[in-house]
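Please walk through the side-chain contacts of the structure shown here. Then turn to its surface and its backbone.

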Amino acid sequence: MPGLLGLDDPLRFNKPVAPCAVVIFGANGDLTKRKLMPALYRLAYERRLPAGFAVIGVSRTPLSDDAFREKMRESVARFLEDSPFDEELWRSFAQGLFYQIGDIGDPALYTALGERLGQIAAARATAGNVLFYLSTSPSQYAPAVEGLGSAGLHRHEGAFRRIIIEKPFGHDQASASELNQRVRKVLDEQSIYRIDHYLGKETVQNILAFRFGNGIFEPLWNRRYVNHVQVTAAESIGVEGRGGYYQEAGALRDMIQNHLLQVMATIAMEPPAEYAAEAVRDERAKLLKSIQRILPEDVPRVAVKGQYGPAHIGGQAVAGFREEPGVDPEAQTDTYAALSLEIDNWRWAGVPFYIRTGKRLPKRVTDIAIEFNRAPLAIFGDETSAQSPNLLVIRIQPEEGISLRFSSKLPGAGMNLRPVMMDFNYGASFGTRTPTAYETLLLDALEGDATLYTRQDMVEASWSVVQPVLEVWSETKFDLPNYAAGSWGPAASDEMLAARGHFWRVP
Ligand code: BG6
């Protein structure tokens, strides 16, 4: 039986991958260019891909195989993060790239795709295994799955057929559940991989190692010792040409419903019995279901909506959200959202979990800060103990690491205390490049490992956390914008914490 963290199988990343083809719907989109193709190329570079391998890009734009290869070459060379682009390797990788034009709503696409898959299976020895990746606009997810189902491409005797579905999985609770029903009519749960790329980040995975691979932290990880938890995902960028999408989504849907609630679940879940897909996902799901439901009348007290307005940052004029291309000048969209959540279970009852995210904040940083209760007596004077309770910060990005703040005696006469930091830094400790989330998650799906993918019950539970807020917000007219680009968000967010005697730390 594997150990809790797969310690009997420490090279989880080294499981052999069966020959297969990856079919990307939405091959002309941004995600394919920026993330998927660079990740696949990098996996090839790392020799993680099987000899029998091919990628078929599907999109409506007319392109030849060669033109698609050239486009992908440019994208990979441009978006490959901190790794070299090797022309020779690219040439052999590109031989396995193919392109299929087609419209997701047109049955002819699936007939053509079926034939193409047959030819490629023979030419590239992919053994009939296929991983489909839905990276289209979300309205195409269900039609694509149904199209695959009608053409019989969703299963194949003696081979695997799996499907990765990009976020957002639904626009609200009802649409998430409807999408699930349509997808489940065609595919069984084991073949569905709902991606949340935050779960693939090394540092998010490391939360489990930190908590359950060490003996000293878990005894403190509860309401007796933890005062409150802050999860921050700040971005300095604006909406970067995605104004149209973002205007409909907003920060709560775009970041909190999925990424940050999954991070919170990873921080707060119970230890799984083993490090295996269902055991880990059961615990994450259980935690998400234990988040206290927000009553409509409580929304103004526990949720804050923000939108950035124009500002000058570093001498440069920065447009407000409503001035971004494709955005309605009256838009009520949240480019900042903060929630104050509680968990109804024995471990966490009464401990606030504050979550915030926003665009155009002062810097890009994602971290989790766990503030512990103060020492019961301030024998060195009130001031020191009041100012610096112990704080554990798990830095997800960009400087991945973990820091612990504690008080230390200032050298010299008297007993003056100052907070100091004990730091672990990924880069300095391991000196190796960490795989991107998409590398990890693509490889996992190719291996059939769904541990880091979300399940329908998790998706629905996290929708039900944000749904009451979305509903109240949609019926309320807010006075927006309410924070300047480049600031830490609206004053109401500070007030929400101040009402409980807390304040946002500056990451
Ligand atoms: C995406 C959101 O899911 O996550 C984007 O749609 C956001 O708006 C991005 O910028 C953040 O991801 P990361 O990995 O850069 O933190």
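Predicted model: local features only at pLDDT ≥ 70, side-chain atom pairs only at ≥ 80, totals over all residues.

Residues are numbered from 1 along each chain as its sequence is written, and side-chain values use heavy atoms, with hydrogens and water left out.

Start with the rings. A pair of aromatic rings is described by the distance of the centres and the angle of the planes. Rings of Phe, Tyr and Trp (for Trp, its six-membered ring) pair if their centres lie within 6.5 Å; planes under 30 degrees apart count as stacked, over 60 as edge-to-face and the rest as tilted. This rule gives 20 aromatic pairs. In one of them, the ring centres of tryptophan 90 and phenylalanine 93 are 5.4 Å apart and the planes stand at 45 degrees, so this pair is tilted. Helices (H or I, at least four residues) and strands (E, at least two) are DSSP runs, numbered from the N terminus. Tryptophan 90 and phenylalanine 93 sit 3 residues apart in helix α3 (residues 87–94), which means a separation of about one helical turn. Are these two residues, tryptophan 90 and phenylalanine 93, buried or exposed? Both are buried. Buried means under 20% relative accessible area, exposed over 50%, and partly exposed in between (1.4 Å probe, protein chains only).

Tryptophan 348 and phenylalanine 353 show another geometry. Their ring centres are 5.2 Å apart and their planes meet at 90 degrees, so the pair is edge-to-face. Tryptophan 348 is buried, because its relative accessible area is 1%. Phenylalanine 353 is buried too, at 1% relative accessibility. Elsewhere, one aromatic cluster is formed by Tyr246, Tyr308, Phe321, Tyr336 and Tyr483.

Some rings carry a charge over the face. The test is NZ of Lys or CZ of Arg within 6 Å of the ring centre and within 35 degrees of the ring normal. Arginine 162 lies over phenylalanine 160, at 3.6 Å from the ring centre. Lysine 201 lies over tyrosine 198, at 4.6 Å from the ring centre.

Now the charge pairs. Side chains of opposite charge can pair when their charged atoms come close. A salt bridge puts a side-chain nitrogen of Lys or Arg within 4 Å of a carboxyl oxygen of Asp or Glu. The structure holds 27 salt bridges. One of them joins glutamate 70 and arginine 73, whose closest N and O atoms are 3.7 Å apart. These residues are 3 apart in helix α2 (residues 65–79), so about one helical turn separates glutamate 70 from arginine 73. Glutamate 70 is partly exposed at 37% relative accessible area. Arginine 73, at 23%, is also partly exposed.

Other bridges span the sequence. Glutamate 218 and arginine 347 meet in a salt bridge at 2.8 Å, N to O. Glutamate 218 lies in the loop between α7 (202–212) and β7 (226–234), and arginine 347 in the loop between β12 (336–341) and β13 (353–358), so the pair ties together parts 129 residues apart in sequence. Both glutamate 218 and arginine 347 are buried.

Lysine 289 and aspartate 457 form a salt bridge at 3.3 Å, N to O. This pair links distant parts of the chain, with lysine 289 in helix α10 (residues 277–290) and aspartate 457 in helix α15 (residues 456–475), 168 residues apart. Lysine 289 is partly exposed at 47% relative accessibility, and aspartate 457 is partly exposed at 24%. Both belong to a network of salt bridges that links Glu278, Arg281, Asp282, Lys289, Arg455 and Asp457.

Finally, the backbone. A cis peptide bond joins lysine 167 and proline 168, with omega about 0 degrees. Proline 168 is in the loop between β5 (161–165) and α6 (173–186). Another cis peptide bond joins leucine 480 and proline 481, with omega about -5 degrees. Alanine 127 has phi near 60 degrees and lies in the loop between α4 (107–124) and β4 (130–134). Glutamate 240 has phi near 45 degrees and lies in the loop between β7 and α8 (243–249).

One surface feature remains. Leu377, Ile379, Phe380 and Met415 make a nonpolar surface patch of about 450 Å². Patches are made of residues with over 30% relative accessible area and no salt bridge: like charges are joined within 9 Å, nonpolar side chains (Val, Leu, Ile, Met, Phe, Trp, Tyr) within 5 Å. Accessible areas come from the Shrake-Rupley method with a 1.4 Å probe; for residues, only the protein chains shown count as cover. Methionine 415 is partly exposed at 42%.
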